[in-house]
Amino acid sequence: MTASTPLSLAANDGRPVRDIALADAPLAIRGMTVSYGEKPAVFSVDATFEAGKMTAIIGPNGAGKSTLLKAALGVVPRLSGEVSVYGAPLATARDRIAYVPQRASVDWDFPTTVIDVVLMGLYRKTGLLSRLTGAHKAKALECLDRVGMADFADRQIGQLSGGQQQRVFLSRALAQDADLYLLDEPFAGVDAATERAIIDVLAALKADGKAVVCVHHDLATVSSYFDNVFLINVRRIAEGPVTEAFTPENLHATYGGRLATSHIDQLDLVAGA
């Protein structure tokens with residue numbers, strides 16, 4: 001912790017936001033509201049994501065999980081709220097962030113090769129019109145190797161399976177050498193081998209002190225994959241270590257009748273044991 005003043009704010013549900021110094025937080029969101037039309041998708045949300053941790057954002061469909069990330073990145077406009085990245089405004093800290101979008105949101109028919117996709121992750125540092133060197137291509141191949149995709153470097157991206165495409169986009173994020181990694185449902189529609197490969201890479205990033213934040217839908221793997229959890233259903237429901245926040249009470253508050261009590265009882269809920 002630095003000597004900066006810690007935050008101790010009241011969240012929208014009346015419970016305190018965790019006491020974390022703003023300058024230490026890889027991503028801090030305060031009072032965020034986002035609306036599509038007249039209905040808010042995210043309403044007055046506070047959230048703090050920590051370095052050296054993997055955090056799952058969970059909630060039912062339409063709860064605002066992906067919107068929260070996109071609004072934090074400035075991809076969709078906010079009606080209100082502030083976002084800081086390591087204590088700095090988003091506009092001055094974008095080079096510290098890597099984002100992996102939902103696979104379904106990408107045009108996979110775009111005619112480009114696997115290595116070209118990964119090289120796109122270097123443009124922020126090299127400049128869009130700069131000439132890419134052999135060193136840049138070596139960096140891209142190294143990142144592909146980390147996700148087990150080096151042998152596919154010259155393949156057209158549209159020829160890959162869903163799991164392979166997801167690995168390539170993770171490789172592009174690795175090429176950015178970021179401090180904060182934001183991933184929108186990285187495990188959706190992938191096979192077990194790809195899921196394991198992705199988790200191994202994310203765990204290595206965490207071990208290096210990076211912050212990893214994932215929109216996640218599989219409640220059964222929250223306890224085994226993540227350190228922290230952020231529960232949202234338009235409003236912030238709860239956040240904190242999995243051992244404290246991933247409880248039957250918080251899950252009921254988040255999902256309501258959409259999640260049967262019998263299903264919650266089958267989950268690995270350390271705090272609810």
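Mentor: Gladly! Let's begin with an idea we need: a pocket is an open set of grid points with protein on both sides within 12 Å along at least five of seven lines, and its lining residues have an atom within 4 Å of a point. Keep in mind that this is a predicted model.

Trainee: Which residues line the largest pocket?

Mentor: The lining is made up of Leu 73, Val 75, Arg 94, Ile 97, Ala 98, Tyr 99, Met 120, Gly 121, Tyr 123, Arg 124, Arg 172 and Gln 176. Two elements, strand 6 (97–100) and helix 3 (123–126), each give two or more residues to this lining. Strand 6 gives the most, with three residues. The pocket's volume is about 220 Å³.

Trainee: What classes of residue does the lining of the largest pocket have?

Mentor: Sorted by class, there are seven nonpolar, two polar and three charged residues.

Trainee: Now the strands. How many bridges join strand 9 to strand 10?

Mentor: Six bridges join strand 9 (residues 228–233) to strand 10, and the two run antiparallel. One of the pairings is Asn 233 with Arg 235 of strand 10. These strands form a hairpin with one residue between them, and Val 234 in the turn has a positive phi of about 70°.

Trainee: Is strand 10 mostly covered or uncovered?

Mentor: Strand 10 (residues 235–241) is mostly covered, with five of its seven residues buried. For the protein chain, 51% of the 273 residues count as buried.

Trainee: And how many helices and strands are there in the protein chain?

Mentor: The chain has 10 helices and 10 strands.

Key. Residues numbered from 1 in each chain as written. Predicted model: local features only at pLDDT ≥ 70, side-chain atom pairs only at ≥ 80, totals over all residues. Heavy atoms only, no water. 1 Å grid on protein atoms, 1.4 Å probe; cavity = no way out; pocket = protein on both sides within 12 Å on 5 of 7 lines; lining within 4 Å. Points joined across faces, edges and corners; volume = space filled by probe spheres on them. Helix = DSSP H or I, 4+ residues; strand = E, 2+ residues; numbered from the N terminus. Nonpolar A, V, L, I, M, F, W, Y, C, P; charged D, E, K, R; others polar. Buried < 20%, exposed > 50% of the residue type's maximum accessible area, 1.4 Å probe, protein only. Pairing = 2+ DSSP bridges.
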